[in-house]
Structure formats: structure tokens, C-alpha cells
Amino acid sequence: MNLADCMQFKYQLQRAPEDLEEAVSLHQQAMELEPIGHPDRTLSLDNLAICMQSRYQSQGAFGDLGSAISFYQQALELCPVGHPDKLSSLNNLAICMRSRYQSQGEFGDLEEAISLYQQALELHSVSHPHRSTSLMNLTNYMQSRHQSYGSLEDLEEAISLHQQALELHPIGHPDRSASLDNLAICMQSRYQSHGEFGDMEEAISLHQQALEFSVGHLDKSASFMNLAIYIQCRYQSQGALEDLEKAIFLHQQALQLHSVGNPYRSASINNLANCMQSKYEIHGVLGDLEKAICLHQQALELCPVGHPYKSSSLNNLAYCMQCRHQSCETLGDLEEAISLHQQALELYPVGHPDRSISLGSLAICMQSRYQSQGNLRNLEKAISLDQQALELCPVGHPYRPLSLISLANCMQSRHESQGALRDLEEVISLFHQALNLCPPGSKMWVFIAGKLASAHQDQFNQTYQTSDILQASALQQALQIFSHSTSPPLSFTIFPAASQLTRDVIQDILQILPQRLLQTNTS
């Protein structure tokens, strides 16, 4: 047993795989000498489980994770109430159950992890020195369940637990900064669920306090990045330019602390790039876009094959290349954007929640290439991609309106090229579906209504059906009403150019994926 422990310790120091294999073998031999009832069997099971867990983390073999879970479960069964190892067994098993949930997505594993941490919390009295750690562990898992399934009860429970943990971390406590950050993340989640601006303000205030109390290099970098992200979110919500400038400054501070080799450097670079990109979209200064492109290229270099953020990084850079193509009309930028979107799509297999957006983004590029070169094959490809994207956005899906608009735009381009009435009929059907999904008077509704009025007018010119001219007239009257009730007045074009659609509305599709890379450090 002592030799096995030594090999295990040596592996932790030097990370030599052969040392871990030797430790596994020795622990297995030790277990054979400790039948059920032996006083050291619990310890042997725990040690062997730790080795299997380490091998899973090193090599990624799911069988090793399953073995670790099995050994931890056996060890837990040998720890009745009051056993000194029961708490560690509960925590170790919970960590493995969450790892399997993250790898395979089985809801039962997350439920089991939460149950185990709830049992662990019960073993920590109010005055127990490790109660705050137990509270934070349970809260992180409740947040995971909320993020996966959207249960507001889980979010409220997470907020309550974080508040309890914060009370145990008074001013001067080394974990106070992290506790403030974690509570802020929950408040931001509640803002995103309810839209109460007070929750966002509370999240920003908590992050500002966390920055004040952060003492070490890691705490400072995390606090800078977290505060920058939430200031950036407030800018996206309210559009105050001072928030954008402040977010840029904070992201720059965070990046300086995320030196080469830091695991958060890629996310930090991306977040700063997204801010520079937003600044370009406001002021139109090409230098800001060039900075965003340069930063996204650096971030992509830090995302090798298999990196969890590689797909988002590819899409971020692709979007910036599309923006530069639209500004400078450089065909090379468009080709680069297409290549990047194609690489990203390969990383979104069937069933991935972001596949529909990736398909739509690539479709927009193919349509832009059609507009630049006039090759109908590019438009047909765009239509095919948009149709696939729409199939992945059933009724109720948040991206269905954008997907309907994108496909309708492509079908309209084909109608303008070939004059087929069936394409125009499909355009009208798609725009009607999209219009019914948008709040009347919203920017999206106004845009669709203008396009739909134009399409009905086109169809009347071909078929002379009275219903088309009545529909077009009703839509134009509705648009005038909303225009007069809005300050400043809305301006809309009944016959907008195809390129205007890409710039003004479908651009919203391309902006979804870049924002997803905003990373919050919860460690």
C-alpha cells in the first residue's frame, strides 16, 4: 500500500503515465488482500478510484471514469453515518458524477451529484469551518442544472446558497472575492431570465466589490474579466458608449494579467475582440475592426483541435471577415469567412444546439458570394443551408424568426433571378410565418412587414389577385402607424436591396455566436 501511495504521489509531481499505471496495479493488488470487512478496504477503494479518475482526466477513456464512480460508490457504502471518511467519499463521488454528466449529458448523473452535495452539506453544521465550501459546491451544481434546464427554482436556490456562503466570508476572508463573483453570476442569470435591470446593477456592484477585495494575481485577473463582461452586457442592453469604453479598458487589464499559457487567455482575447467589433459597428472606424480581427486570430491560435471554444472562435473571426468584406468589398475576406464557417460547422454535429446558427451563418456568406459573382450555384447552396437550419428551429425556437427571414431572402433572390412564381409564393409564406413570431412594431416586425408588402405587390403585378394588393395596402398602413408612433420616426423601404437585408437584419444571426464566447471565471 505504501509503495502504491508513493507511485501515486510521484505521478502527481511528474505526470509520467507509467507511474500512474504502476499505482493502479499496486492498488488493485492491495484490494485483493482486503476483502469486505477489512478495516483498510475503504481507503484502498478511495485510492484506486482517485487513480482511475486521474487516468480518465489524462487519457479521456470513459471506462476509467465509470470505474472511478464504481469504486467511490463501494467506498461510500462502507461509510455509515459518523464515519470520518464519509464526507470525502460524498464529495469525490459527486465530482465524478458531474464529470460524467458533462461528458454524456445524462440528467440522472447531475441529479445524483446534487443529492450527494446536499448530503455533504448536512454534515457541515453552521459553525463548521468547511460549510462555506460545501455551500459553494452545491450552488455550482444548482447553477449547472438551471443552465441546462432553465428551472428558476434552481436559480433562486443557488442565489440563496451563495448569499449564505457570502455571510461566512466576511471582509478579509481569502474567499470573499470569489464568493462575491459567484453571487454576481447568479444575479446576472436572473436578469437574463426576468429582465429586471436591478439584478444586472446588483451583479455589477458585486463584481466591483470582488475586484476591490481580490488580492492575488489570479483573483485580480478573474475580477477584471468578470466585471468587464457584465459592463459589456449592460452596454448591449442599454447602449451607453461609456460602458463600452469601460468594458474595453477592463478587458485590456484582464488580458495583461492573462499571460501566455494562462487557460483564460483565449477567452480574454475574444472578449476584448468582441468589444472592438462593437465599437467598429458604432463608429465605423476600420482600425477598430482590424484590431478585432487581429485579436480573434490570436485567440484562434490558442484553440487547437479539440479545444471547447474552437468553434466559437472560428465563427467570431468569420463574422469580422464578413464585416470587412462588406466594408471594403474584398473578395478574399469573403472566401476566408466561408472557409472559417465551414470549419466551424464541422464542429457542430447533428443535434448540437448551435448547428442551426452555424448553418445560417454559412448560408449568408454563400448568398454574399452569389451577389458578388452571380453564380447561381452559390445561391442554391445558400438555400439548402437555410432549409437545413430552419428544420432545426421548430415553432418556439428563439432563432426561428431569423431563420425564416434568411431563407425568405434567398428565395426572393432566386425569384428575382429566374422569375418563378412558386419562389415568390414561398417568400410570402415564409415572411408571414416570421411576422407572426415578432412583436408588432418591433424593429424586426417593421422590417418583415416592409419586405412582405413588397412581395405581395410583386405577386399582384404577376397574378392580379386583389387579395395581394389588399395585403400590401394593409401592411403599408400598419407601417405608417408604427412610424408615426415612434420617436424618432421609423424609416423603412418597401423595396430594400438584398445587401441591406444582410447588413440590417440577418446580421443579427451572425452576432449570436460571437457573444456566446463571453466567459465568466467561476473557479
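Reader: In which handedness does α14 pass α15?

Author: In this predicted model, the crossing of α14 over α15 is left-handed.

Reader: Which residues make the contact?

Author: From α14 come L286, L289, E290, A292, I293, H296, Q297, A299 and L300. From α15 the contributors are K310, S313, L314, N316, L317, C320, M321, C323, R324, S327 and C328. By class, the residues of this contact divide into twelve nonpolar, five polar and three charged.

Reader: What describes two packed helices?

Author: The angle between their axes and the distance between the axes. Here, helix α14 (residues 286–301) packs against helix α15 (residues 310–328) at about 155°, and the axes lie 9 Å apart. An angle over 145 degrees counts as roughly antiparallel, so α14 is roughly antiparallel to α15.

Reader: Now the cysteines. What is a disulfide?

Author: A covalent bond between the sulfur atoms of two cysteines. In this model, a search of the whole structure finds zero disulfides.

Reader: Is C410 buried or exposed?

Author: C410 counts as buried, because its relative accessibility is 0%.

Reader: Where is the closest cysteine sulfur to that of C438?

Author: In C393, at 13 Å, again too far for a bond. C438 has 9% relative accessibility and therefore counts as buried, the cut-off being under 20%.

Technical notes: Residues numbered from 1 in each chain as written. Predicted model: local features only at pLDDT ≥ 70, side-chain atom pairs only at ≥ 80, totals over all residues. Heavy atoms only, no water. Axes fitted to C-alpha atoms, helices over the stretch in contact; angles between N-to-C directions. Helix = DSSP H or I, 4+ residues; strand = E, 2+ residues; numbered from the N terminus. Parallel < 35°, antiparallel > 145°, perpendicular 65-115°, else oblique. Left-handed = near helix turned anticlockwise from the far one by under 90°. Contact = heavy atoms within 4.5 Å. Nonpolar A, V, L, I, M, F, W, Y, C, P; charged D, E, K, R; others polar. Disulfide = S-S within 2.5 Å. Buried < 20%, exposed > 50% of the residue type's maximum accessible area, 1.4 Å probe, protein only.
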